[in-house]
Amino acid sequence: MTDKISIVGAGLVGSLLGISLKQKGFNVTLFEKRKDPRKTEKYKGRSINLALSRRGILALQSVNIFDKIEPLLIPMTGRMVHDVKGRLTFQPYGKEGQCINSVSRGRLNEILIEELEKSGVNLNFDHQCETVDIENSTLGFLNGKKEKSDVIFGADGAFSIIRKHLQQSDRFNFSQHYIDHGYKELDMTPLNGDFAMEPNSLHIWPRGNFMLIALPNQDKTFTCTLFFPFEGATSFHSLMNENGILSFFERYFPDVLPLIPDVAEQYQKNLTSSLVTIKSCPWYKNRTLILGDASHAIVPFYGQGMNAGFEDVRLFTELAEKMNWEWQKILPAFSSIRKQDTDAISELALNNFIEMRCHVGKTDFLKRKELEAKLQDAYPKDWIPLYSMVTFSDLSYAEALRLGKIQQKVLDEFLYEKSENLDFEKIVDRFNTLKKAG
Ligand SMILES: Cc1cc2nc3c(=O)[nH]c(=O)nc-3n(C[C@H](O)[C@H](O)[C@H](O)COP(=O)(O)OP(=O)(O)OC[C@H]3O[C@@H](n4cnc5c(N)ncnc54)[C@H](O)[C@@H]3O)c2cc1C
């Protein structure tokens, strides 16, 4: 296959796409505005670590590089919920053996770039794309260079320049929504040479309108992230001076304070970043396609942004194979088939923020989770909890969302009865009936 392919963005998704297309025999060139992260300071991205789960793993396996990533992973088998008194409750994510995995964003990206280089992809760092001539499939760069290709992929993230050019074309839909909360990362160093907290969990401090989470790193540190409103009585805006920050942590996160003694300094020094949902459609025009965050950026509360972007790459490649790499058919087909899934995960991610910051510590939520676990044990083929469908399966996000809504309706109906002896068979029958009804 001799087609010349240009990819803009050597982040997580663009790099994986480059590997996949090169393996299919294309002539692939990648352009990245940053310097080569392997030769510069460690990557200073928006989040230091990420949760990699089944969809991402399947995509990495599809290009045979998961064995290179696996040694970087720290499995997290459940949520460790910290209440305001510092008491801990562990909530498993799924069944035994199921976990999500904390991975360094920087190392993951570096390994993908190493693989690109080994496979012979033409890599161009320090190349900031500025223009796209969509009719002639030609990219223009800040350094004056121009590049004509047979196909262009924009994997240049949430603020994609390629999408901005698509936006200028007729009938292109676009929406962008910032939530009221932002985030700030804080580092928790090791304690006596070891992890300061249990390492195989995702730690959560749910506090109603805000929350703190922590994911482990291989150097025995934790990256903590405070998700906090920008404005209001208790917010980034109101909390600025050292005394205020310390008394806030003392009140809401008393068990964190001794583990991050320089919390006030870090809080004042570290960036506050915003969180955005971006939707667009169609993702293509002529021979240019956007994917990953460039076409569908989501809030991070389901830990699925990268996983969804990696899944884009796997599904795109599979579809293209089936369609014999006929670009003029594949680009519109992929855009229309995949869009409903990314809309679904976008909705799920927003809902999960409320679940994480408000519900995970509450008795009702725990009862529901317990009931769902029992239903799954009794009817493993019929009842798979929503979190498991999203995180531990490759069922389409749209179908997971649909089934999740039916499960919620059915549980609401049965829990309303407040009967001590719930009839599991009846619950599952009702679910299956509604599921078939469509
Ligand atoms: C706080 C936070 C936590 C998250 N946690 C998770 C998680 O646990 N699990 C998960 O699955 N996802 C998570 N995500 C989402 C994840 O980070 C993104 O979905 C993922 O990085 C998207 O990858 P991408 O390659 O599409 O975009 P990006 O990672 O943004 O990469 C885009 C690349 O394009 C380059 N670029 C941009 N513009 C240009 C240009 N004009 N010319 C050339 N190059 C350009 C950039 O330098 C960058 O390298 C999180 C996100 C945030 C903000």
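A polar contact is a pair of N or O atoms within 3.5 Å. The legends below apply that cut-off to a predicted model.

**View 1. Polar contacts between the ligand and the protein.** Start at Asp293. An N or O atom in the side chain of Asp293 is 2.8 Å from an oxygen atom of the ligand. Gly303 takes part through its backbone. A polar backbone atom of Gly303 is 3.2 Å from an oxygen atom of the ligand. Cys129 also uses its backbone. There, a backbone N or O atom lies 2.9 Å from a nitrogen atom of the ligand. Taken alone, the ligand exposes 1000 Å², and the protein buries 91% of that.

**View 2. The shell around the ligand.** The ligand is surrounded by 30 residues. The closest are Glu32, Ala51, Arg105, Asp293 and Met306. Asp293 is also the residue whose side chain has an N or O atom 2.8 Å from a ligand oxygen. Sorted by class, the shell has twelve nonpolar residues, eleven polar ones and seven charged ones.

**View 3. Elements that supply the shell.** Three elements each give at least two residues to the shell around the ligand: helix 1 (12-23), strand 3 (49-52) and helix 9 (305-322). Helix 9 provides the largest share, three residues.

**View 4. Helix 1 against helix 4.** Two packed helices are described by the angle between their axes and the distance between the axes. Helix 4 covers residues 105-118. Helix 1 packs with helix 4 at an angle of about 25°, and their axes are 9 Å apart. Angles under 35 degrees count as roughly parallel. Helix 1 and helix 4 are therefore roughly parallel to each other. Their crossing is left-handed.

**View 5. Helix 1 against helix 9.** Both helices also supply residues of the shell around the ligand. Here the packing angle of helix 1 and helix 9 is about 20°, with the axes 9 Å apart. These two helices are therefore roughly parallel to each other. Helix 1 and helix 9 make a right-handed crossing.

**View 6. A cis peptide bond at Pro282.** Cys281 and Pro282 are joined by a cis peptide bond. Its omega is about -10°. Pro282 sits in the loop between strand 17 (273-281) and strand 18 (284-285).

**View 7. A positive phi at Ser137.** Ser137 is not a glycine, yet its phi is positive, at about 45°. Ser137 belongs to the loop between strand 9 (129-133) and strand 10 (138-141).

Methods: Residues numbered from 1 in each chain as written. Predicted model: local features only at pLDDT ≥ 70, side-chain atom pairs only at ≥ 80, totals over all residues. Heavy atoms only, no water. Near = heavy atom within 4 Å. Polar contact = N/O pair within 3.5 Å; in protein donor to acceptor, adjacent residues only side chain to side chain. Areas by Shrake-Rupley, 256 points an atom, 1.4 Å probe, with all protein chains shown as cover. Helix = DSSP H or I, 4+ residues; strand = E, 2+ residues; numbered from the N terminus. Nonpolar A, V, L, I, M, F, W, Y, C, P; charged D, E, K, R; others polar. Axes fitted to C-alpha atoms, helices over the stretch in contact; angles between N-to-C directions. Parallel < 35°, antiparallel > 145°, perpendicular 65-115°, else oblique. Left-handed = near helix turned anticlockwise from the far one by under 90°.
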